[in-house]
Amino acid sequence: MMENQFPIRQIIDVNGKIALPEYKEKMTAELAKKFYKQMIRIRTFDRKAISLQRQGRIGTYAPFEGQEAAQVGSAMALAEGDWMFPTYRDHGAAIVFGHSLSKVLLFWNGRNEGCIPPKGKNIFPPGIPIATQIPHAAGAAYAERKRGSTSAAIAYFGDGATSEGDFHEGVNFASVMRAPVVFFNQNNQFAISVPISKQMNSKTIAQKALAYDIPGIRIDGNDVFTAYFETLQALERARNGGGPTLIEAVTWRYGAHTTSDDPAKYRDQVENVKRREEDDPIIRVERWLKNEGLYDESWATTVKEEAITEVEEAVKEMEAFPKADPADIFDHVFAEPTWQIAKQKKEYFDLIGGEI
Amino acid sequence: MQTAVKVKTLTLVQAITDGLDTMLQEKEEVILLGEDIGKNGGVFRATDKLQDKYGEDRVIDTPLSEAGFVGAGIGMAVNGFLPIIEIQFLGFIYPAYEQIVTHASRLRMRTMGHFTVPMVIRAPYGAGVRAPEIHCDSTEAIFTHMPGIKVVCPSNPYDAKGLLIAAIEDPDPVLFLEPMRLYRSVRDEVPDGKYTVEIGKAKKRMEGEHVTLIAWGAMIPEVMEAAKAVKEKGINCEVIDLLTLFPIDKDMIAESVQKTGRTVVVHEAHATGGLGNDILAIINDTSFLYQKAPVERVTGFDAPVPYFGFEDHYLPTPERIKHAIEKVIKF
Ligand SMILES: Cc1ncc(C[n+]2csc(CCOP(=O)(O)OP(=O)(O)O)c2C)c(N)n1
Ligand SMILES: [Mg+2]
């Protein structure tokens, strides 16, 4: 039975009680508070983005609420210089790794500027065609290894993505080349409306690692500690020449697939509410902090207020951004515009009466 | 006395659902495959309630793998089924490109007609709905370029249903492009039951003697708006809605451009390698001596379809079309 061969690892349980005491020492108050802070930050961002979409202030948006532990834990394990290949649902991870909030909002507002990461941050634009970023991560990681550096890469992808050829080709490539990459799967159990039981006959995603002879690890994706320590370990193995790892973080999205989706069409929303009530990844850390006597109400309030301020600032910045300049359609296709583009640009600017 | 055909008033996407429903009813071999088409009824609701009506055996939610289910569709088509495959957005067809161009389109030729692929691939296409990147591609020309597959694209509910049924009945693979932008923008009277709109035949949306405007799909309303605007200035346009992008109705084009001698072709796809060039070749081949002005093309630019913040600049507008009309008139 694959579920037995790939048991779900968990460091703290739903009640915030330690399940793997050997981690006790590494679970410092400082680390836990950082997790909490980042999770609050990205959830605040996520909720704001949904409301901006409803008001028509940004376009279609893909929320990640419920998946904060997986994204924060994995992204915090990365080191400066590592590469991140997120999907459209992983901007939480991207923000934790240092992406700018206003740029992420710009992306969702239909602007290419939103794909430019802050200086020194190797964050790829969100992968839109499913699974296509997986081979990129393998290649970027392989390049680091060839160069003799100890930097690594992480590729994010969903359960549905494992059905695409690019997933298998990317993982196989990395396995053969011993590329230092972590394939971080968030199994939120749905690909839009398609439940995992219709997506694959496999009982787990972690078991897919067997075919490529790489470590496959299944974790409780709502436990930020496990997400962090397992990613850290996989990255360490990668940096030391041990090749790639496949991590399956079992989780759940509370919201819709995107703001244009209606989950009531395909899933039991009562179950959804129950899951949120019973196993919210943020509440779980909060419980752990409380159990450890580390939770302080006024500190938590400050964290929440700071997150709101930061997000509000980002919204202002996004909205103050200059209007889309049509020249940008033409100027970035090639290093040097070909004659076709130069001609089309001139004709268009003549028509709209603009300065080239 | 004629028996009255019942009609319904439907949007373009509802007309597609109605066409699928009609054919699921009519032919047992018809089977629907695609992502989210079952329980969810498709992300645009094109297959709404069809799984409830025909069951999970005939309206199938596939795994997320375009190469997989298009390839499997070919296997089913050679083995007695009539698969209708939904690609969620045309921009996500590329993993299946190999299956389409090296297999679906060639199997008849490779086996001298022994194996054939009577399969339909439906795909919403085009920009203008503020969709995220890659959701807005209009890459019909990479399919019309490949021999062995037909490509069609309706611009209204009536044609959508009739053309879809014709595509399903066609003995060869057909790519059926659906203008996302028009899915719900117009309603039209659509007859109940089965009827077809012939593949390979264009339609005139407006008659006129001064300029021929050629377009299809989501560009038709833009072209009509431009045509109405110049009419006030005394310029009478003839608007041809191509409907079939391969094989193009060359006779209607020739007949019209021989009358007008002036042509503007409009498409939202890139200019280079775009279908406008094939239309130009048809005019050259059939009607060279009738031309009073060089053909104008109003197209998307030779740049990837930009993010939606820029799409109003990228897409052909009535303004750009009017400008081209004036240019061919003044020449
Ligand atoms: C190649 C391709 N096909 C289809 C789509 C449309 N699509 C967008 S998200 C999605 C489901 C993805 O599910 P999963 O991989 O589980 O990730 P999740 O959205 O659950 O995070 C689909 C089918 C796409 N983006 N790319
Ligand atoms: Mg998923």
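In which hand, left-handed or right-handed, does α1(B) pass α7(B)? The crossing of α1(B) over α7(B) is right-handed, that is, the near helix is turned clockwise from the far one by less than a right angle. This is a predicted model, in which local features need pLDDT of at least 70, side-chain atom pairs count only at pLDDT 80 or more, and totals for chains, interfaces and linings use all residues. Residues are numbered from 1 along each chain as its sequence is written, chains are lettered from A in the order in which they are written, and side-chain values use heavy atoms, without hydrogens and water.

**Helix packing in chain B**

- Helix α1 (residues 12-26) of chain B packs against helix α7 (residues 157-169) of chain B at about 35 degrees, with the axes 8 Å apart; axes are lines fitted to C-alpha atoms over the stretch in contact, and angles run from 0 to 180 degrees between N-to-C directions.
- Helices are DSSP runs of H or I with at least four residues, strands are runs of E with at least two, and both are numbered from the N terminus.

**Helix packing in chain A**

- The axes of helix α6 (residues 133-147) and helix α7 (residues 165-177) of chain A come within 7 Å and cross at roughly 15 degrees.
- α6(A) and α7(A) are therefore roughly parallel to each other (angles under 35 degrees).
- α6(A) passes α7(A) in a left-handed crossing, with the near helix turned anticlockwise.
- A:Y142 and A:R145 are among the α6(A) residues that meet α7(A), whose contacting residues include A:F167 and A:F173.

**Aromatic pairs**

- Over all chains there are 27 aromatic pairs, defined by Phe, Tyr or Trp (six-membered) ring centres within 6.5 Å, with planes under 30 degrees apart counted as stacked, over 60 as edge-to-face and the rest as tilted.
- A:Y142 and A:F173 have ring centres 5.7 Å apart and planes at 85 degrees, so the pair is edge-to-face.
- This pair joins α6 and α7 of chain A across 31 residues.
- A:Y142, at 21% relative accessibility, counts as partly exposed, as does A:F173 at 33%.
- A:F157 and A:F167 form a tilted pair, 5.4 Å centre to centre with 45 degrees between the planes.
- Both A:F157 and A:F167 are buried (buried is under 20% relative accessible area, exposed over 50% and partly exposed in between, with a 1.4 Å probe and protein chains only).

Definitions and conventions. Angles under 35 degrees count as roughly parallel, over 145 as roughly antiparallel, 65 to 115 as roughly perpendicular and the rest as oblique. Contact means heavy atoms within 4.5 Å.
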